Amino acid sequence: MTGAAALEQILAGHASGAWAVETLEALDAREEFPADAVAVLDAAGLAAGYVLTPDSDFPALVGLIRTVARRDLTVAIAHGKTFLGSVPVWIAGSPGQTRRLAERVRAGDPVCWGLTERDHGSDLLAGELAATEEANGDWRLDGEKWLINNAGRARLGCVLARTDPAGGSRGFSLFLVDREHLPPDAWQVLPKVRTHGIRGADISGFVLRGARVPADALIGRPGDGIAIVLKSLQLTRTACVGLSLGTADHALRIARDFTARRALYGRRLGSLPHVRRTLGRAAAAVLTAEAVSILATRSVHALPGELSVTSAIAKAYVPTTVQGTLGRLAEVLGVRGFLTSPPGGGFAKLERDHRICAIFDGSTVVNRTALLTQIPRLGRLLRRGTWDTGGVRAAAGLAVPPAPFDPARLTLVSATGCSVVQSLPAAVEEIRAQGHPRLTALAEAVLERARELAADLADFVPVGGGLPSTAFTLAERYERLYAASACLHLFPHRSGPGAGAPDQDTHRLRACLAHLLDLPDDPAYDELAQTLLDWTGPGFSLLDGAL
């Protein structure tokens with residue numbers, strides 16, 4: 001698998017060809033699939049990273065997705081969909097299925113994930129596409145899947161089908177359908193759907209009519225489909241953070257370049273106090289999203305039993321935070337953000353393309369609902385103050401190599417809650433011990449917010465028939481607490497074990513905590529704005545030297 005730095009160089013080498021900004025924008029305007037840009041990724045071997053094995057490095061995979069997304073989100077989503085379509089096999093496939101699919105994915109065959117249907121959206125239990133077992137053990141699939149990325153290009157599809165007419169949580173199964181073994185009329189592609197963003201992506205659907213697949217196309221056992229999907233979503237939702245982080249890198253670069261060059265009232269725009277404060281707050285928001293992403297991706301290895309909670313938090317918090325940041329940066333760019341040429345060119349496309357990231361693989365509401373179903377346990381464990389010490393240490397310790405990936409450790413609910421949040425008191429104590437007065441004061445304020453939330457969660461009881469809006473506020477508060485905990489846990493490890501920093505070098509972390517505490521005028525924003533204006537690397541990160 002190509003590393004992120006090597007992939008960055010490869011894409012830079014095609015900046016005047018398939019990956020030229022003008023080329024990709026022209027394809028977008030024509031709503032045409034970026035086939036040449038995808039071919040570059042295939043040649044670079046990116047698809048090999050989509051094959052999950054015990055030796056896989058999930059944070060490294062997300063870093064590759066981020067690298068592609070910071071250049072063009074449409075291409076990142078179009079190519080990365082193969083990962084989403086393959087995950088159920090990595091989780092529950094037989095050795096033969098896993099081996100055969102790995103060969104096909106590494107060879108560049110696109111894979112789609114056929115979950116949603118035209119009349120049912122995210123309500124998977126209402127799905128109508130049916131699979132009927134035949135006398136010889138084979139299966140016949142009939143029905144439609146719609147709003148499927150790669151539906152037309154895919155050579156294989158992981159399809160959720162109703163195998164029990166009564167439905168229910170045990171009434172669905174997953175099948176790996178190989179189009180090459182079907183007659184042409186058995187898999188009929190529906191017309192491309194026109195979309196507001198990612199206009200060139202292959203989003204349409206397909207109809208299966210008498211599609212016969214062998215017995216070994218079944219993934220797992222009959223009736224396992226929903227459970228496998230829910231576990232798969234824990235990985236796919238976590239991987240989606242790379243798309244948002246890449247978008248944030250791109251947007252911050254546009255804003256940095258514009259404010260560094262634009263003059264107003266005889267001064268560079270980036271030197272005006274209001275602009276600097278806006279840039280600093282935007283940068284702080286992005287860094288909190290990155291902190292969540294780092295802990296979530298490392299938790300795939302270190303805390304897999306908690307991923308039902310962590311993935312819901314990451315998928316709700318990161319895209320929502322980045323979309324809000326795009327709105328903040330749009331205020332700085334003004335009318336320039338609507339132009340297709342520099343300065344500010346490309347921002348409007350970026351902003352509309354990113355909107356889909358908060359929707360697919362479960363919208364923000366869906367993920368917050370999933371989090372709320374576990375809130376009573378999360379509240380009890382937060383008040384009790386217990387956590388997986390070794391798991392948190394491995395997730396936050398950046399010098400610790402990832403443990404082997406083991407899909408068998410994924411669970412539908414987390415018995416241990418969310419150790420990153422529950423270990424917040426220990427993280428604050430470590431900040432106290434490092435002797436940073438301003439940082440310690442902010443950390444203490446976060447800890448007080450945690451106590452308040454723990455008390456409020458004690459009164460929450462999930463009810464059927466829909467959740468009140470106040471419940472979603474609790475979920476959002478818990479997400480922000482996770483983000484603050486992630487920032488605090490990462491601080492001592494940013495440059496390796498035992499790293500320390502003088503108080504004046506803590507502005508990144510102070511700005512992150514000020515943002516999460518809704519403090520609008522913290523001076524750390526101004527310091528972070530200067531860091532942004534001086535930034536030269538490919539990605540704006542917590543991990544560039546001191547926080």
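Biologist: What is the mean pLDDT of the chain?

Modeller: This is a predicted model. Of the chain's residues, 94% reach a pLDDT of 70 or more. The mean pLDDT of the chain is 93.

Biologist: Is Thr 288 buried or exposed?

Modeller: Thr 288 sits in helix α9, residues 273-302. Its relative accessible area is 0%. Buried means under 20%, so Thr 288 is buried.

Biologist: With which side chain does the side chain of Thr 288 make a polar contact?

Modeller: Leaving out residues up to four places away in sequence, Thr 288 touches several residues, including Thr 321, Cys 487, His 515 and Tyr 317. The polar contact between side chains is at 2.7 Å. The partner is Tyr 317.

Biologist: How many Å apart are the end C-alpha atoms of helix α17?

Modeller: Helix α17 covers residues 437-457, which is 21 residues. At 1.5 Å a residue, helix α17 should span 30 Å. The model agrees: the end C-alpha atoms are apart by 30 Å.

Biologist: What arc do the buried residues of α17 cover around the axis?

Modeller: Among the buried residues of α17 are Leu 439, Ala 443, Val 446, Ala 450 and Leu 457. An α-helix has 3.6 residues a turn, so residues three or four places apart point the same way.

Biologist: Which helices do the buried residues of α17 pack against?

Modeller: These buried residues include Leu 442 and Leu 453. Their packing partners are α13, α16, α18 and α19.

Key. Residues are numbered from 1 along each chain as its sequence is written. This is a predicted model: local features need pLDDT of at least 70, side-chain atom pairs count only at pLDDT 80 or more; totals for chains, interfaces and linings use all residues. Side-chain values use heavy atoms; hydrogens and water are left out. pLDDT is the predictor's confidence in each residue, from 0 to 100. Helices (H or I, at least four residues) and strands (E, at least two) are DSSP runs, numbered from the N terminus. Buried means under 20% relative accessible area, exposed over 50%, partly exposed in between (1.4 Å probe, protein chains only). A polar contact is a pair of N or O atoms within 3.5 Å; within protein, one must be able to donate a hydrogen and the other to accept it, and residues adjacent in sequence count only if both atoms are side-chain atoms. Contact means heavy atoms within 4.5 Å. The expected span of a helix is 1.5 Å times one less than its number of residues.
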